[in-house]
Structure formats: structure tokens, C-alpha cells
Amino acid sequence: MAGHGIPEAYLDGYAGILAAAAATGRRLTREELSSRRALGERAADAGIGLRALVGAHLAATRADWPAAGTASADGVLAAVEQAVDALAEGYERAQRLAVRQQEAARREFIDDLLHGRSDLGRLAERAERFGLRLSFEHAVAVAQGPSGYEEGDTVPREVEAALIGRFGNRSILLTTKEGRLVCIAPGDQSEVLAFFAKHAYAAIDGGRVVIGRPQPGPGGVVQSYEEALNALDLAERLELDGPVLRAADLLVYPVLTRDRQAMADLVVHTLGPLRQARGGAGPLIDTLTAFFDSGCVAAEAARRLSLSVRALTYRLDRIHQLTGANPAAPVHRYTLQTAVIGARLLDWPDQPL
């Protein structure tokens with residue numbers, strides 16, 4: 001073993017290179033530099049620390065100094081500097097390659113995990129390398145901001161630092177997918193996703209976070225992820241209030257749209273007559289939306305629409321005249337509200353049904 005516990009193989013040829021270069025004060029040849037870079041790469045691959053490697057070469061320099069003969073100190077030190085610089089260059093190159101390979105493996109795993117494109121048994125084995133035990137329940141939270149994010153961007157790094165600072169590793173995986181932030185956590189640790197939602201919303205500076213329901217087994221992650229994405233789409237189309245939403249609270253909407261044709265029939269039958277109004281059905285649907293979202297309180301609905309209460313009341317009366325359904329009457333309210341939800345989900349009347 002050489003100094004600093006480094007095997008002699010990682011100093012191979014160094015004494016000869018030092019003596020030959022220092023004797024005449026020449027620079028190291030291309031082949032000599034290449035051999036030092038190759039040794040640096042091998043050392044990095046073997047897990048030898050760079051400080052220990054450089055220390056061993058400096059120790060060898062002291063031990064082999066007499067081999068330089070009458071060479072000046074400047075000549076010896078210039079040769080040492082070149083050799084160590086090439087050694088470090090090779091070492092760092094190997095490290096960068098290893099990092100890229102690790103990032104590629106991580107990205108491939110995340111893609112397979114979130115899209116279920118791999119054998120579940122094999123996926124579970126790979127997951128353990130990233131701190132996930134897929135035999136347990138997992139839940140996924142998705143944050144979408146005004147701009148997209150990639151791995152290594154400032155926002156993902158800030159959120160990840162906050163999570164690790166609060167919870168440590170704790171089987172948490174934070175990543176990006178299609179410009180969104182994605183957090184995967186054990187299903188019984190709801191506080192983790194709540195913390196992620198809070199910090200992600202603050203970091204993305206205007207956007208929305210949706211938390212999927214915990215789902216069991218290796219396929220649970222993709223189920224929770226898809227549920228969160230669907231809930232995010234619903235929240236955008238329905239313009240739901242609140243920066244943080246839970247998919248469990250939105251389950252009624254997929255139920256309503258499961259039979260699309262039935263929902264389309266309800267929308268056209270109930271709200272179709274509103275197209276006869278001056279200005280079309282759009283303003284009156286917006287009126288119904290504000291009225292129902294405000295708990296059927298006319299003053300609050302008028303405030304949301306920047307209307308007077310009198311103008312709002314006129315619109316509600318017009319809706320009653322055209323549809324035969326009174327928005328203020330409990331017997332008609334559910335049908336109208338369901339039809340309005342359907343219209344927003346189906347993008348009617350902008351899109352034909």
C-alpha cells in the first residue's frame with residue numbers, strides 16, 4: 001500500500017514520470033497526462049477519495065524527490081502540478097459520468113413508477129434503492145405553477161430542502177414530471193404531503209396543489225398520481241377555490257361525468273333554453289355558478305359578479321323564465337346546479353354536445 005492507504009496501482013508510473021519531466025524541466029507529454037487522467041477515473045470508480053489520492057501523490061513526491069537528480073525545485077513542482085491536475089480532471093470526469101448515469105437511472109425509474117410501465121415486482125425492487133417500499137400504501141401530491149420546472153431548478157431544490165430539513169429522508173421521493181412538482185410519500189404520513197403542499201404552493205408563486213388518496217401495493221403510486229392529475233384538471237376546469245385540494249373531496253365530479261351522454265342530455269335539456277337569451281347562455285351560466293358557489297346568497301353572488309343585487313335578481317328571474325326552473329327553489333336547485341357543473345366539465349356551450 002502507498003501512503004494514505006492508497007494501493008500502489010494508483011501511483012503506477014508516477015515516479016518515472018516525475019523524474020523524466022523534472023530532469024529537463026519539460027512539460028508532461030500527452031501520453032503521460034492521459035495515463036494520469038485514466039488513473040484518476042479508475043480511482044473514482046473504485047470509491048477512493050480525491051483528497052486521499054492527491055495526498056498519496058504528494059507523499060510519493062517527497063519520497064521520490066532524490067530521483068529528480070539535480071532538477072530545480074521549480075521543475076519538480078511544475079511536473080507535480082501537471083500530474084495532479086490531470087489526475088483530478090480524470091477523477092472529476094468519472095464523477096460527472098456517474099452522476100449522469102444515476103440521474104438517468106432515477107428518471108427512468110420515476111417514469112416507470114408514475115406510468116406503470118414496468119413489471120411490478122421488478123419495480124418494487126428498484127424502488128428500494130430510492131427509499132420507497134412499494135408493498136405499503138403511498139400517496140402522491142402534484143403541484144402545478146405558472147411555469148414548468150425541471151430537476152435541479154431552484155424551486156424543486158428549495159422544496160426538497162424544506163422536506164428533508166423537516167422529515168429527513170423518511171421514504172419521501174420528490175421529483176418533477178411534465179413541468180410539475182411531484183411528491184410521493186407513505187400513505188400513513190399525511191403530514192408529509194400537507195407540508196409539501198404548503199411549501200410548494202409558496203414556492204411556485206401562484207398555482208395549485210392536489211393531493212391524491214393513499215393507494216396500496218406497487219401499483220398504488222400510479223393510481224394516486226393519476227387521481228391527483230385528474231383532480232388537478234377538474235379543479236382548473238371548474239375554477240375551484242383553494243390553492244390546495246384533496247382528490248378525496250372531488251370524488252363526486254368523476255361520478256357525475258362517468259356517463260357522459262347522460263350528463264350531456266341533462267345539460268342540453270336543462271340549460272339549452274338559455275341560448276335564447278341576449279348574449280347567449282354564457283353570462284347566465286356564470287350567474288348560476290356564482291349563485292351556487294356563494295351558497296345561494298344573492299348579495300354575495302352579486303359581489304362576485306360585480307353586479308347590483310337588482311341586476312342579479314333580474315338574471316335569476318330570466319333563467320326561471322327560460323328554463324322553467326327556479327334557482328332559489330330547493331326542488332329545482334339540485335338539477336340546475338348539477339347541470340351547471342356538467343356544463344363546466346363539458347365546456348358547454350363553447351363546445352357542442
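**Ground rules.** I am reading a predicted model, in which local features need pLDDT of at least 70 and side-chain atom pairs count only at pLDDT 80 or more, while totals for chains, interfaces and linings use all residues. Residues are numbered from 1 along each chain as its sequence is written, and side-chain values use heavy atoms, with hydrogens and water left out. Helices (H or I, at least four residues) and strands (E, at least two) are DSSP runs numbered from the N terminus.

**Entry 1: H1 and H3.** I looked up helix H1 (residues 14-24) against helix H3 (residues 50-64): their axes come within 10 Å and cross at roughly 60 degrees. Axes here are lines fitted to C-alpha atoms, for helices over the stretch in contact, and angles run from 0 to 180 degrees between N-to-C directions. H1 is therefore oblique to H3; angles under 35 degrees count as roughly parallel, over 145 as roughly antiparallel, 65 to 115 as roughly perpendicular and the rest as oblique. The crossing of H1 past H3 is right-handed; right-handed means the near helix is turned clockwise from the far one by less than a right angle, left-handed anticlockwise. I then listed who touches whom (contact means heavy atoms within 4.5 Å): Tyr14, Ala15 and Leu18 come from H1, and His57, Ala60, Thr61 and Asp64 from H3.

**Entry 2: H11 and H13.** Next I checked helix H11 (residues 282-293) and helix H13 (residues 309-323), whose axes are 10 Å apart at an angle of about 110 degrees. That makes H11 and H13 roughly perpendicular to each other. H11 passes H13 in a left-handed crossing. From H11 the contact takes Pro283, Leu284, Thr287, Leu288 and Phe291, and from H13 it takes Leu312, Arg315, Leu316, Arg318, Ile319 and Leu322.

**Entry 3: the cores.** Which residues have the most contacts inside the largest nonpolar core? I found Phe109, Leu113, Ile184, Leu271, Leu274 and Leu288, in a core of 57 residues. A nonpolar core is a set of buried Ala, Val, Leu, Ile, Met, Phe, Trp, Tyr and Cys residues joined through side-chain atoms within 4.5 Å. Helix H8 (residues 220-238) gives the most to this core, with 8 residues. Apart from it I noted another core, of 22 residues, among them Ala139, Ala143, Val159 and Ala200. Beyond its neighbours within four places in sequence, Ile184 has contacts that include Leu113, Leu132, Val140 and Val221.

**Entry 4: Gln215.** Is Gln215 buried or exposed? Gln215 is buried, at a relative accessible area of 13% (buried is under 20%, exposed over 50%, partly exposed in between, with a 1.4 Å probe and protein chains only). Gln215 lies in the loop between strand E4 (208-211) and H8. Among its contacts beyond four places in sequence are Phe136, His138, Gln223 and Glu227.

Entry 5: A reminder to myself: most residues other than glycine have a negative phi, and most peptide bonds are trans.

- Glu178 has a positive phi of about 55 degrees, sits in the loop between strand E2 (173-177) and strand E3 (180-186), and is exposed at 60% relative accessible area.
- Ser306 also has a positive phi of about 55 degrees, in the loop between helix H12 (298-305) and H13, and is exposed at 68%.
- The Trp348 to Pro349 peptide bond is cis, with omega near 15 degrees, and Pro349 lies in the segment after helix H14 (330-345).
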